[in-house]
Amino acid sequence: MNKGTRYSKYISFIINIIDSIIIFILFYLCVKIDYKEHGRTDFNITHFILLHYKAIILFIFSWFLISIDYRAYKEFRPITFLDILKRNIFHIFLFSIVLFTVSGLKDVQLFSNRLSLYFLFIMFVLTSFLRLVFFEFLRQYRIWGGNFRRVVFVDENSNTSSFVRMLEKRKDYGFVNFGIFLKEIESQNKDKLFEFNINQLKYYLLKNNIQIVFFSLDGKLSCEVQEEIIYLAQKLHIEIRFVPSTIYDSFSSLKMEYYDTFPVLVFKEFPLDNFGNQFLKRIFDIIFSLLVIVFFLSWMFPIIALGILLDSGKPIFYLQKRIGLKGKPFYCYKFRTMKFSKDNDVKATVKGDTRITKFGLILRRTSLDELPQFFNVLKGNMSIVGPRPHMVVQDEYYSEIMLKYSLRHYVKPGITGLAQVKGFRGEINSKEDMQKRIIADIFYVKNWSFLLDMFIIIRTVFKAIGGDDKAI
């Protein structure tokens, strides 16, 4: 068997068939239970099919149509299980509309609303589990060297080498580098490096059955050559993808609007520009903060306060000016973990910082020093999840030297964030350390969802329980 074969279309077909079987079985069981609850014994599989075959066909057909429209079976290599779960939730939601509509239109109700909810819940659990199994199978199979795609890279920009290294590291994506074509080869290590020539590229693509060409934008090749490569890839029916010259992607942030028949590109709104999303996030912030304050901080506060007093005396709290939503400053509350110093508001914490007290080190390792920020959340300065707020001097410095740094101010800062659960926290030794955090923050701003917040909170809890080595 060719390990490079693409199995996504077969897997999509198999999942669709299994989904159809699940719908049929759950529908049958719910109708059977409903019959029993109403004291009827005249029920068998033949009677069920004859009486409800139209509803069965409609349910399976509508499920399949929804899956096509919302790409429920689309295989996308860099996808995460969180993305799959979000798709499935929306899939189930739309299907529930069909279920209740059909039940309401029939002369005799299919089964009770209670059984309908059971039907949908079990359907969600089973289909989510099914997708998790296939997702993990494909991921592991790619790590073992199967289901790979043959790719080449053409030209280079400031982002190409990092992108190539990432793909080689993430074997679960299933991309195998068959070569890099450059205008000039300056490296001494010429393994997989080829000097660009359009005819040689064409021969190489055909000879090695290349499936994807990654072309680096804003590289050394001319626009005319770029057009030739695009035409060549289309002629050979090879997929071409473009690597932007900056890690801060702007292309996906644009949408097309038409003025009469004239196209104009405008920036898309971010998810939290939507009032409904803002309201959902704010309600969750308030409820979650109150629960933490009442059931956790209420009894932890005396213990932490006593520890601080015995270790280094007063004060218990430390208020530091940070930058928040839309660049507005606010005072961030923390349990005091450092000795008093005139540098506390201008000097970032470093590993082995002598300003940190003994008890303060424990609080920082477990992130307990952040607990008072739940009051910031109640006040509306912060959210449970969001980009971590930086000191004013840090914010001013990095906003000048880092592209799109200020995008992180489009949402409220958070007690925890995507950058933190990915391990981008602790001491900042270089511009690259901050850059990794900003990339994660911008991803969060552009791709916010309630499920993503739940994922970050759960990961934060596990890190807090286990302790974080990068916490300083």
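**Exercise 1. Count the helices and strands of the protein, then describe burial and contacts over the whole chain.**

Step 1. Start with secondary structure: the protein has 14 helices and 11 strands. Here helices (H or I, at least four residues) and strands (E, at least two) are DSSP runs, numbered from the N terminus.

Step 2. Before going on, know what you're looking at: this is a predicted model, where local features need pLDDT of at least 70 and side-chain atom pairs count only at pLDDT 80 or more, while totals for chains, interfaces and linings use all residues. Residues are numbered from 1 along each chain as its sequence is written, and side-chain values use heavy atoms, with hydrogens and water left out.

Step 3. Now burial. Of the 472 residues, 44% count as buried. Buried means under 20% relative accessible area, exposed over 50%, and partly exposed in between (1.4 Å probe, protein chains only).

Step 4. Finally, contacts, meaning heavy atoms within 4.5 Å. Take the contacts with a separation of 6 or more: 71% of them come from residues 24 or more positions apart.

**Exercise 2. Find the largest nonpolar core and work out which elements build it.**

Step 1. As background, nonpolar side chains in soluble globular proteins tend to be buried together.

Step 2. The largest core holds 44 residues, and I304, F335, L371, F374, I384, Y444 and I456 touch the most other members.

Step 3. Look at who contributes. Elements that each supply at least two residues of this core include helix 3 (81–105), helix 8 (275–312), strand 9 (329–335), helix 10 (373–379) and helix 14 (450–466). Helix 8 gives the largest share, eight residues.

Step 4. Zoom in on F335. Leaving out residues up to four places away in sequence, F335 touches L297, F301, I304, I308, I316, F317, L363, L368, D369, L371 and P372.

**Exercise 3. Locate the largest cavity and sort its lining by class.**

Step 1. On a 1 Å grid over the protein atoms alone, a cavity is a set of points where a 1.4 Å probe fits but cannot get out, and lining residues have an atom within 4 Å of a point. Grid points are joined across faces, edges and corners, and a volume is the space filled by probe spheres set on the points.

Step 2. Counting this way gives one cavity of 30 Å³ or more. The largest cavity has a volume of about 30 Å³.

Step 3. The residues lining the largest cavity are I323, G324, P387, P389, R408, H409, V411 and P413.

Step 4. Sort them: five are nonpolar, two polar and one charged. For the classes, Ala, Val, Leu, Ile, Met, Phe, Trp, Tyr, Cys and Pro count as nonpolar, Asp, Glu, Lys and Arg as charged, and the others, Gly among them, as polar.

**Exercise 4. Inspect the backbone at P315, N147 and K326.**

Step 1. K314 and P315 are joined by a cis peptide bond, with omega about -10°. P315 sits in the loop between helix 8 and strand 8 (317–323).

Step 2. N147 isn't a glycine, yet its phi is positive, about 50°. You'll find N147 in the loop between helix 4 (113–143) and strand 1 (149–154), and N147 is buried, with a relative accessible area of 3%.

Step 3. K326, also a residue other than glycine, has a positive phi near 60°. K326 lies in the loop between strand 8 and strand 9 and is exposed, at 69% relative accessible area.

**Exercise 5. Is C223 buried or exposed, is C332 buried or exposed, and how many disulfides are found?**

Step 1. C223 has a relative accessible area of 59%, so C223 is exposed.

Step 2. C332 comes to 1%, so C332 is buried.

Step 3. A disulfide is a pair of cysteine sulfur atoms within 2.5 Å. The search of the whole structure turns up zero disulfides.

How values were computed:
1 Å grid on protein atoms, 1.4 Å probe; cavity = no way out; pocket = protein on both sides within 12 Å on 5 of 7 lines; lining within 4 Å. Core = buried A, V, L, I, M, F, W, Y, C linked by side-chain atoms within 4.5 Å.
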